Structures are given as C-alpha cells and as structure tokens.
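Please look over the structure shown here with attention to its charged side chains. Which of them pair up, and where along the chain do the partners sit?

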Amino acid sequence: MSDAGQKRVAILISGRGSNMVSLIEAAAVPGFPARIALVLSNRPEAGGLALAQAAGIPTLTLDHRAYPDRAAFDAALQAALGQAGIDLVVLAGFMRILTPGFVEAWAGRMINIHPSLLPLFRGTHTHEQALAAGVRLHGCTVHFVVPELDAGPIVAQAAVPVLPGDDARTLAARVIVQEHRLYPAAFALVAGGHARLENGRVVFSSDVVPPDGALLSLT
Ligand code: GRF
C-alpha cells in the first residue's frame, strides 16, 4: 500500500499499450483507490513503454528472451514486483503465458482483459474466431487470472454488435472502444475492494453494482 492507502499497481504490457493508457488516465483522477507504481514489459520494443514514461510512470523491461524458461522469467517478474511493493497486477495486452505457480501467488490480485465475451473465443485471433462462428454479439471481458488461460472468474463484460460486412479490423476497432471504457471501470471495482475473488467466484459489494449485474453495455 502507498502512503495514501492506495493499492500499488503494476501494469504488464507487451505492445502498444492503449488499455494501459486508459488505466493510467483513470488512476490519475483524485480519489482513485490505486496508484500505478510500475509499467513492466516483456518486450523492449513495446510502444506502451514510452507512453508510460511520458505519463511519469516508472517502467521496467524484462526481456523474456534473456531467460532460459518460463519459470526463470516468472521468478524475475516476481522479484521485480516484490521490489516495487506491488499489491495488484493488471495485465493489459501482456502476451506471455504465466506459470501456474506465479498465477497462484497472485490469486485474487491479478486481472486481465480479453477481447471476446468469455467463455467464447479464448486464446488469440478472437475477432477472427467470432466472425468464423457467425455470432451477432462480440465484446470484451475483464477477469481474474487463474492458471487456465482466459478461464478466470469474470468481473465485467461489454458487448458490441457484429455488423454485416465486418472484418477482423473493423470488429477489433469496435471492441477496443469498449475495452477502454470497461477496463478502467473494472479496475476501479477491484482496486477499491468492491469486486473480490472468493471461493473461485467474483463477489461484488452490494452498494456498487445494481442487482441486474450491470457493466454490460451494448453499443
Ligand atoms: C487488447 O485487445 C487486449 O484485450 C488484448 O490485447 C490487446 C492489447 O491492446 N489482450 P493494447 O496494447 O492495450 O492497445
């Protein structure tokens, strides 16, 4: 925890970092329950690193190619997070599978955004998967991270229509707009302790989420 009682957060990225920017902007609002203490990338060329630096956030690169295996990389990651006094890990386009041991160590304290309405379309190329399946609704999901890929308990989802003539690019463009709305909102719920992982399910404080579930938008 920081001096102001805020959770100290690390955002993990691998690429352009547009979700990261939306999280940094949310956390900059006075009264936000968390402070972005570190942005960490496994890729030195990640565009998001410069954006984080421009926002005054400390950055660190741990190039996964410098480590002999996943366990060694995850040990370095764990050490870096410990050194920075991190309370909550937020994955934002972090394209690296984490070992079960690392994930268990952060159980209930690590969230991810995935560009589909889980449990549909796990893994990569989610927009192509959605088009191939012919679904009429697609979207994004924020979930707690568990060892099984893209299978963690769901915090929040946003839906978009799949329109005639869509290709993966146009669909991705519609989804990312919702990602940038959804992730800061879900991040605030988790950082503030209003959405918690208990016995493998997400439990919400009754005062923050309306009884119908909410955080579902259809644009
Ligand atoms: C997003 O679509 C996110 O859902 C997925 O990877 C993409 C990352 O984009 N996990 P960005 O780096 O946040 O711009």
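The model is a predicted one, and the count of salt bridges in it comes to six. The points below take up some of these pairs, together with a network in which Arg43, Glu45, Asp63 and Arg65 are linked by salt bridges.

**Glu45 and Arg65**
- Glu45 forms a salt bridge with Arg65, and the closest N and O atoms of this pair are 3.9 Å apart, which counts because the cut-off is within 4 Å.
- The pair links distant parts of the chain, 20 residues apart, since Glu45 lies in the loop between strand E2 (34-41) and helix H2 (48-54), while Arg65 lies in the loop between strand E3 (59-61) and helix H3 (70-83).
- Both Glu45 and Arg65 are exposed.

**Arg122 and Glu148**
- The side chains of Arg122 and Glu148 meet in a salt bridge, with a distance of 2.9 Å from N to O.

**Asp166 and Arg174**
- Arg174 forms a salt bridge with Asp166, in which the closest N and O atoms are 2.7 Å apart.
- Asp166 has a relative accessible area of 15% and is therefore buried, as the cut-off for buried is under 20%.

Methods
Residues numbered from 1 in each chain as written. Predicted model: local features only at pLDDT ≥ 70, side-chain atom pairs only at ≥ 80, totals over all residues. Heavy atoms only, no water. Helix = DSSP H or I, 4+ residues; strand = E, 2+ residues; numbered from the N terminus. Buried < 20%, exposed > 50% of the residue type's maximum accessible area, 1.4 Å probe, protein only.
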